[in-house]
Amino acid sequence: MDTWLNNGFPRSLILLLTIVCVCVGGARAQAPSTCLDCHAALDPPLQVTQAQFSQDIHAQEGLTCASCHGGDPTKADMDAMSKAAGFRGKIQRNQIPELCGRCHSDGAFMRKYNPSLRTDQLAQYKTSVHGKRLVQGDTKVAVCIDCHGVHDLRPASDPRSQISPLNVAKTCSRCHSDAEYMRGYGIPTDQYANYNRSVHHEAMTVRGDLSAPTCPTCHGNHGAAPPGIDSVKNVCANCHVFQAQMYDKSTHKAAFQSASLPGCVVCHSNHDVSLPTDAKLGTGSEAVCMRCHKPGDICDQARAKMLQDLTQLDGAVKAADRVLNVAESSGMEVSEARTEQDQARDSLTKARVTIHSFKTELVEQDIQAGLKIAAKTQAEGQAALAERDRRRRGLGLSLGIILVVLLGLLLYIRQIESNSGKVGTAELHR
Amino acid sequence: MVADPNPQPKPARRRMIKILLGGGLLGSFASFIYPVLRYLVPPLVADLGGDQVIAGKTDELRPNTAKIFRFGSRPGLLIRNSDGSYRALSATCTHLGCIVQYRGDLQEIWCACHNGLYDLNGRNVSGPPPRPLEVYEVHLRGDDVVVSRKREA
Amino acid sequence: MFATLRKWIDERFDWAALTAPLRKKTVPAHDLSYWYFLGGITLFLFGIQVCTGILLLLYYRPSATEAFESVQYIMTRVQFGWLVRSIHSWAANLMIFTAFCHMFSVLFLGAYRKPRELTWISGMLLLFLAMGFGFSGYLLPWNTLAFFATKVGTEITGQVPIIGHGLKVFLRGGEDVTGATLTRFFGFHVALLPGLTVLLLLTHLALVQYFGMSVPPAVEARWKASPSEARQMKFFPNFFLRELMAWYIALGVLGALAAILPWELGTKADPFAPAPAGIRPEWYFMFMFQTLKKIPAKVWFADGDVLGILAFGVAGILWLLLPFFDQAGGRRGRRLVLGAGIFALSYIIAMTIYGYMAK
């Protein structure tokens, strides 16, 4: 392709072809052009450009300005926007959900475009805090277009969309982090800042894990509302299954419920969930147990035991790692021990999950399994180091022998050459 | 002192050099031969497998159960279906690398770490996993269940 | 016992006559005699390669599915397997290094001059074969780095005009580097190249034996001026014992390298994985690799890579025919060859260092 373009294929012909292609391809998107003729040149908020609108999923599916705003785009100038032509003008905020719902709640209609798309958004929206307040006449709350955009609306699967997993938290924060805007609602405005410090945010942005939770994962999207105190655990359990199962069987569940404490959040916080460390079980600033428990009671003893177990296994795994690192850096092949070391690390992770049962004997099982593996890999590392030393001793021995041979050769050469009165070197060849 | 008019080395010295050289040469040959002889002794384990491994015995698994086996440096999951047939997949979850397990009650493959689910063809069905699990080939050879990596087309 | 054996042989063969050339052989003795050792060290290292290579064949399996594991097996399970493999890898590199040194010493000491042109040519061909050994052997452990280096290396041969594509397919055993390439390289490495090498090596040694050792021009002039200064050393035992010392030193260096810096294994090659950063060929190909990398994509009308490969091809052929330029040009020819030698040596050293520094 490259080559025949460069080899003097008539440039003008290519240009002509390109123009024809663009015109034919663009014909469909050009349909609502009489609206855009003016609106492209107007100032915001009345401005809608062709560039924006051509990106809109609705425009791409063949909807026009008139689909939402009414009017007759085939007529010129103000005739197009006459009441007679059914022109509705700017849609009032409190009418937007119903307007979108005209199509999006109609299963039969939506099936023609995307049969797998849900059609319960409007119903859900009415259950959300946003929806309830809108009915009460509060137009400051979010309606469809605040999150999805308007005129250049992209599907959630498009990474440029405001509601794609990477962008949705920022979209929510546009209102929820604005202290001025949120005044009077009596809820905090630091959720976004807190979330940005959380391990979930890190998983999303640093590791690029789009499955990591963001605002709608816990709060819902169209039915957005804070999960109730009792349902927090159910929300977390969507991903953290084992932890939830163990917590369910533990004594903490009833205790937290009776004290109206929000389950997981008590220890892990909500928006700024940080990567838990073993120090949570300690007595320092990160420690959580001793906020409620008294020093020296049976729970404090269990806490200390579990912490000690985790510390022990963590130390054993790290010690084995160190030995293997030394062995590897001195050229020994320890890839098998490395593989086993992964299992020891798995045991440690498992033990940390088992903490949520708050039963020392269950934790102890995982710890012992891990310690056994770590002891084995540590021994394998030591064996590799011993083997390395054996090799070096063998090398020393053979180098010694080589030196003896060299010395012997040197003396022997001297001997035969002095013996023969330097005949060896001085004898003339010719 | 009068210089020795005949600078012949003393016989004792000559013998010493001979012993030194001869001994050294013998010693060095021994140090070459010894590793070679040891090298020739076949090790107890016949090989390290490669892209094929015996994952288990046919009488080991009951239908609708599974086990983890070692495949190279990574774990694999050998499943015996309810109808008695076998299936083998990579056991490393494609999300964060946890080890997946077979759930007989769901007849699906489950990762406990973040509730990821795969179907029996390794396809990521729900939860965070971004990619399917690698599926291996299973053959029965006598009593052995042999798992091998699929050949590149 | 030795006497009886000697008698037994003497009754059947004329031992004295058979060994006469060896006993009569002499080596010129002067202050540059040390350079004569290099050929012998290279020969010794080749012998080590043959021995350790045969040992490796006992456990190595030449297939894409098993090659890596079998080398891992040699390194971890077979007793002293680590030693055999590390010595094989290190000796290979040392051998190519000493062969290069040998080549440049022959060049600078004028040993290629008439009547030894054929010795030079056979030696150069042996050097090319040694590099072929290195290139084919590098792939055999089937690790990531070797896999991609081979991919790049064979891709470069594909750039040669007209025959390039055919050559690439021949080397790879298909359009891509696969298990078929490994099988092929294994065949080259243990059968084709050793066969050719033995033939050429015998020729080379016979030529060396026939013409005797060359005396460097400067020494020759000095000796001509005062013939009483000319010295010769008996090859056997005097020179041979010194060579033996050199071999033992080489052995000590090899053992130390193998024990302290065992050759790495890396990770198993995955043909579907993206190419890792920092793919580089063995060091003795680095100067060519780096040159090709630095040539602009277009030089006038020609493709830069093709031009570079052609340039190296032409340079190789000219290099092979170096003795004839010397002879045809008289005194100027000698200076031309020396200049070319100094240029080539500094170019290779500079480009190699640049290649490793630049990443």
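Over all chains of this predicted model, a search of the whole structure finds 42 salt bridges.

| Salt bridge | N to O distance |
|---|---|
| A:Asp120 with A:Arg118 | 2.8 Å |
| A:Arg345 with A:Asp321 | 2.7 Å |
| B:Asp144 with B:Lys57 | 2.7 Å |

In the pair formed by A:Asp120 and A:Arg118, A:Asp120 has a relative accessibility of 26% and therefore counts as partly exposed.

In chain B, the salt bridge of B:Asp144 with B:Lys57 joins strand β10 (residues 144-148), where B:Asp144 lies, to strand β1 (residues 52-57), where B:Lys57 lies, so the pair ties together parts that are 87 residues apart in sequence. B:Asp144 is buried, because its relative accessible area of 16% is under the 20% cut-off, while B:Lys57, with a relative accessible area of 42%, is partly exposed. Returning to chain A, salt bridges that share partners join A:Asp321, A:Glu328, A:Arg338, A:Asp342 and A:Arg345 into one network.

**The interface of chain C with chain B**

Between chain C and chain B the buried area is about 2,000 Å², and carbon and sulfur atoms give 62% of that area. Of the area that chain C buries against chain B, 28% is supplied by C:Tyr73, C:Gln79 and C:Phe80, which is more than any other three residues supply. The contact draws on 25 residues from chain C and 21 residues from chain B. Across this interface the count of salt bridges is zero, but there are five residue pairs in polar contact, with both residues at pLDDT 80 or more.

On the side of chain C that touches chain B, at least two residues come from each of α3 (37-57), α4 (67-76), α5 (81-108) and α11 (235-260) of chain C. Of the elements on that side, α4(C) gives the most, with five residues. By residue class, the side of chain C that touches chain B divides into 14 nonpolar, six polar and five charged residues.

**The two domains of chain C**

The domain assignment of chain C gives domain 1 (29-271) and domain 2 (280-359), and the centres of these two domains, taken over C-alpha atoms, are separated by 20 Å. Their contact takes 30 residues from domain 1 of chain C and 29 residues from domain 2 of chain C. Together the two domains bury about 2,600 Å² between them, with 76% of it on carbon and sulfur atoms. On the domain 1 side, C:Phe108, C:Tyr112 and C:Gln159 supply 20% of the area buried against domain 2 of chain C, more than any other three residues.

The count of salt bridges between domain 1 of chain C and domain 2 of chain C is zero, while six residue pairs are found in polar contact across the interface, both residues being at pLDDT 80 or more. The elements giving two or more residues to the side of domain 1 of chain C that touches domain 2 of chain C are α5, α6 and α7 (144-157) of chain C. Here α6(C) gives the most, with 10 residues. The residues on that side of domain 1 divide into 23 nonpolar, four polar and three charged.

**C:Ser136 in helix α6**

Helix α6 (residues 117-139) of chain C also holds C:Ser136, a residue that is buried, with a relative accessible area of 3%. The side chain of C:Ser136 is joined to that of C:His189 by a polar contact of 3.0 Å. When residues up to four places away in sequence are not counted, C:Ser136 touches C:Phe185, C:Phe188, C:His189 and C:Leu193.

Terms used
Residues numbered from 1 in each chain as written. Chains lettered and ligands numbered in written order. Predicted model: local features only at pLDDT ≥ 70, side-chain atom pairs only at ≥ 80, totals over all residues. Heavy atoms only, no water. Contact = heavy atoms within 4.5 Å. Buried area = accessible area lost by both parts, 1.4 Å probe. Salt bridge = Lys/Arg side-chain N within 4 Å of Asp/Glu carboxyl O. Polar contact = N/O pair within 3.5 Å; in protein donor to acceptor, adjacent residues only side chain to side chain. Helix = DSSP H or I, 4+ residues; strand = E, 2+ residues; numbered from the N terminus. Nonpolar A, V, L, I, M, F, W, Y, C, P; charged D, E, K, R; others polar. Buried < 20%, exposed > 50% of the residue type's maximum accessible area, 1.4 Å probe, protein only. Domains from an automatic or database assignment.
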